Amino acid sequence: MDSYDRSESTPEQSASSRLKNYLTGATPLQKRLESVKKQTSFVLTPPQRKILQCSQLQEDVDPQKVAFLLHKQWTLYSLTPLHKFSYTNLKEYSRLLSAFIAAEKQKGLAVEVGEDFNIRVIFSTLLGMKGTQRDPEAFLVQILSKSQSSENREGKVLWTGWFCCIFGDSLLETVSEDFTCLPLFLANGAESNTAIVGTWFQKTFDCYFSPLVISAFNLSWMAAMWTACKMDHYVATTEFLWSVPCSPQSLDISYAIHPEDAKALWDSVHKTPGEVTQEEVDLFMDCLYSHFHRHFKIHLSATRLVRVSTSVASAHTDGKIKILCHKYLTGVLAYLTELAIFQIE
Amino acid sequence: MLPQTTVKSFQAQNRTLQGSNSRQTKLSAWKIKQDLSNSKSILKHGQNNLVEDCGHDDDQAGDALQIAVGYFEKGPIKTSWSENKTLERHLKTVENVAWKNGLAPEEIDILLNVALSGKFGNAVNTRILKCMIPATLVSEDSVVKAVSWLCVGKCSGSTKVLFYRWLIAMFDFIDHKEQINLLYGFFFASLQDDALCPYVCHLLYLLTKKENVKPFRVRKLLDLQAKMGTQPHLQALLLLYKSFAPTLISVSLPVRKKIYFKNSENLWKTALFAARQRNQGLSPEPLKLMLGPAKVRPLKRKWNSQSIIPLLNSSSYTKECGKKMSLSDCLNSNGSFPPEQLQNFRQLLQNIHCLELPSQMGSVLSNSLLLHYINCVRDELVLLRFYFWLSQTLQEECIWYKVNNYEHGKEFSNFLDSIIRAECFLQEGFYSCEAFLYKCLPLWDGFCCQSQFLQLVSWIPFSNFSEVKPLLFDHLAQLFFTSTIYFKCSVLQSLKELLQNWLLWLSMDVHRKPVISSPLETTLGESLNSVSKLIDYVGWLSTTAVRLESNSTFLLHFILDFYEKVCDIHINYNLPLVVLFPPGIFFPALFSLDASILNQLCYIMHRYRQNLTAAKKNELLQKAKSEFNFSNKIYQEYNYYLTTMVGCLWTSKPFEKGMHIDPKILEKAGVAEYKESLNLVYHPSLFSYAVFFLLQESPEERTVNMSSIRGKKWNWYLDYLFSEGLQGLKLFIRSSIHRSSVP
């Protein structure tokens, strides 16, 4: 009976560490699971987001580099944290990755790391491209062709990809410092190059790339948030594209509005200062729908929103984005980071 | 000063030269002395395996071999016809002995010398080399000496090739390889010879250690590659170099699998097999000549991965990236054990302190040894890497989560199977799977990968039930109620397994003494509360299901299986918890038309009794602990069930209390006398047993008198029931009914 006494008293005093951890969410894994639970259960509650603002930190970014990022179409990926990535080794990574690409392009043929290939890989940081000080530094990877002619030393850019994290607090909190969290990856260039670079990253830093698609729900959020941005001058009309699934070819409905009209509509539905709420987004879209219905007798709410373009940026449901406005660059990226984090949770 | 040192060093050189000379002479002297006795002892050893009358022949052959070896050692005296004949005779002798029993290390030493020194013609050399079959081992010295002959240039190209092939084939039989490894540079230089290159590559492949991989060698190999194109042997060596020094070289393999080396062993295949048998246990498995990716790779589907689970690779990539390695790193890296070399559990135990982690943590899923390892190191970082990989892969591969890749359904279910295998192996669920279920269970059709999904449910790690219920179990309930009876049974089955996993885990946990107690920890009470909520949930599902499926026996079996687990929690898992089944289960089971259901119910009631008595006993022993005292309600409830059962099965007085049936209804049903009509004889499921029992007694009887089963006959009837396999009933009656009350 003695033994029973002991066992009876143990649970009274304390359950073991794992049980404890479980219910307090002490270990990183537990924390992750907790946040997944939260996300899953709160998905239906209407969120609120701040109206896009220009980040102070963004001012430090090299304007030439920013210009390079704008007006290009990027394919979006979400990326799990990089294990043992170090910003001090970027040169080394360039060497290794270029050798890897060379080896992949000529399967079976070994190549020396650091050998002179007809391509060059450059890793460089995008200093200041972050939302808060805690966000890790964004960085850029470029594949350049080496041109024969000596006058153009830089060579032609074949492929570009960049990794960033803007206001990634929710992810940063749950991950230890052995990881570098850059949940958003944007690529421009041949898909085959993206594949090679992605494979190298996955092998080297034990991370995982998945294509980031944007749901119609998130597209309407983008439409509302981007319309709400104060612009000095508009460079493009606000345009929506809906897709009607029908055979043999799907029918696309394009709906273009003068950006100032769109802004006026937004101002009329917008109440909460500094914030965008779910009701406002719904109301904004509903107004557009009813306007369209009045003219064409088509219920757009029954179709699928596939693309939104404004003067700030344009986004396609396939996970393609083009950012036009320098001022709201980080704002757009912050929302994309949020979506990427949601996908990897 | 200067000239003196030169003189000294010259002297020293001289001395070493002399030394080596003298050693050589001594060695040969020793050889001559030892030759006879040694070969004899070996032959004697060989004799043991032979039939007796062969012995004489063998002895003779042994002597002949001595003479033959001696003859070869002396070299050809003159070339004449008779000389050729003697040569042929001696060669035959050597060949015969070699292919029969193999040659002693000393004999091989001498003959190798002969073959490579070019004393005889090419044909003879070839024949000698072909029969260099070791009886046991080949000494390293012989190989070193033989290699030194290669530098002299006395042997032809074909002899060299044959020698290399021999060396590769016999590699495992060489007693040491340190000296041979020192000749690495020499072998490497031989790569330039086009004819030798494939064989030298193979030899280097066998010899290469990490310290042999040098940038200048990498460059040389790449030059060769540039000259000769992608030769498989070069590719293999380069791949090996890459695995040692990924920062120096990059190779990627073509998708098709390939054999990298020509089989050099062919010539000696049977002899090698025999030698291995002789040395049983001494030599390792024959070396596989295919490299890593020869593991069958499915077609490349998308850029993310060749197969869902990544291939095992050591993490040297990232390690070498930090250019400045500290001293301790250097020391560590020398002693570290790459995961891809891990073959068996013994190796794991020997290298557990220095085992490298794979570069992609997902690869552990297909390797049980590494699963063991990550499970016992319990490193959060490792688990987190695994978590990220598994979560994303599940999400990416899930066929209905991503609507557009239906064609990979089979692959996905195979992947789930390998996850479940790993979970069963570790006896532990993965958090990634739990998170995955949260996300995708609401979207699940209940059909796709059904068995895998339900197994994943049963491996959900222990957690707070109220928290998980809205995320998971509410969705499961919706599917449960709207699906077929088979689905319902499968769900109940997996919930039973879930309960069992939780209980096992809790009971292990409770009895582990924690090192530090913190104020934040949860009490056992909270955990038990979670378990009892799970049981209540299953009770609720079952009650409704029984009604939906109109008391299906099949379903009741699965429900009672669940309660068989529940009723024994206190005794089997030593946890202070007893939860009874709801009346919605109890009554349909009690009045089931199937005797096996009644039997199972009796067994469960019997186990509840055991558990409750044990609990009572413990409570009496320690009055102070009040938290886990069972409320009187449970005892009352149990007693109510018990009296009902005794009333219905034994005393024919069902529903003494708590149930009123309108007499008019009973009259209508023709059972006004119901109070006497319900016992072990008249119970719907036992009625047929009673009839058979009576027929057995008096087979001629046209009518059976049921009421005759009483008194002594009642006891016989009971024995009859027990003999028909109703063991649960037996246990129940033995424990819950005092036999004095036989009606």
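This briefing describes selected features of chains A and B. The structure is a predicted model, in which local features need pLDDT of at least 70, side-chain atom pairs count only at pLDDT 80 or more, and totals for chains, interfaces and linings use all residues. Residues are numbered from 1 along each chain as its sequence is written, chains are lettered from A in the order in which they are written, and side-chain values use heavy atoms, with hydrogens and water left out.

**Chain A overall**

- The secondary structure of chain A comprises 11 helices and 16 strands; these are DSSP runs numbered from the N terminus, with helices being H or I of at least four residues and strands being E of at least two.
- Of the 345 residues in chain A, 57% are buried, a term for under 20% relative accessible area, with exposed meaning over 50% and partly exposed in between, for a 1.4 Å probe and protein chains only.
- Among chain A contacts (heavy atoms within 4.5 Å) between residues at least 6 apart in sequence, 69% join residues at least 24 apart.

**Helix packing in chain B**

- Helix α18 (residues 380-397) and helix α19 (residues 409-426) of chain B pack at an angle of about 155 degrees, with their axes 10 Å apart.
- The axes are lines fitted to C-alpha atoms, for helices over the stretch in contact, and angles run from 0 to 180 degrees between N-to-C directions.
- Because angles over 145 degrees count as roughly antiparallel, α18(B) and α19(B) are described in that way.
- W389(B), L390(B), T393(B), L394(B) and E397(B) in α18(B) meet F412(B), F415(B), L416(B) and I419(B) in α19(B).

**Aromatic rings and charges**

- Rings of Phe, Tyr and Trp (its six-membered ring) pair if their centres lie within 6.5 Å, with planes under 30 degrees apart counted as stacked, over 60 as edge-to-face and the rest as tilted; the count over all chains is 71 aromatic pairs.
- The rings of F436(B) and F453(B) have centres 5.9 Å apart and planes at 50 degrees, so this pair is tilted.
- F436(B) lies in helix α20 (residues 431-440) of chain B and F453(B) in helix α21 (residues 450-458) of chain B, so the pair ties together parts that are 17 residues apart in sequence.
- Both F436(B) and F453(B) are buried.
- The charged end of K177(B) sits over the ring of F171(B), 4.7 Å from its centre, where the rule requires NZ of Lys or CZ of Arg within 6 Å of the ring centre and within 35 degrees of the ring normal.
- The charged end of K616(B) sits over the ring of Y635(B), 4.3 Å from its centre.

**Residue F345(B)**

- F345(B) lies in helix α16 (residues 345-351) of chain B and is partly exposed, with a relative accessible area of 43%.
- Not counting residues up to four places away in sequence, F345(B) touches L369(B) and H372(B).

Terms used: Parallel < 35°, antiparallel > 145°, perpendicular 65-115°, else oblique.
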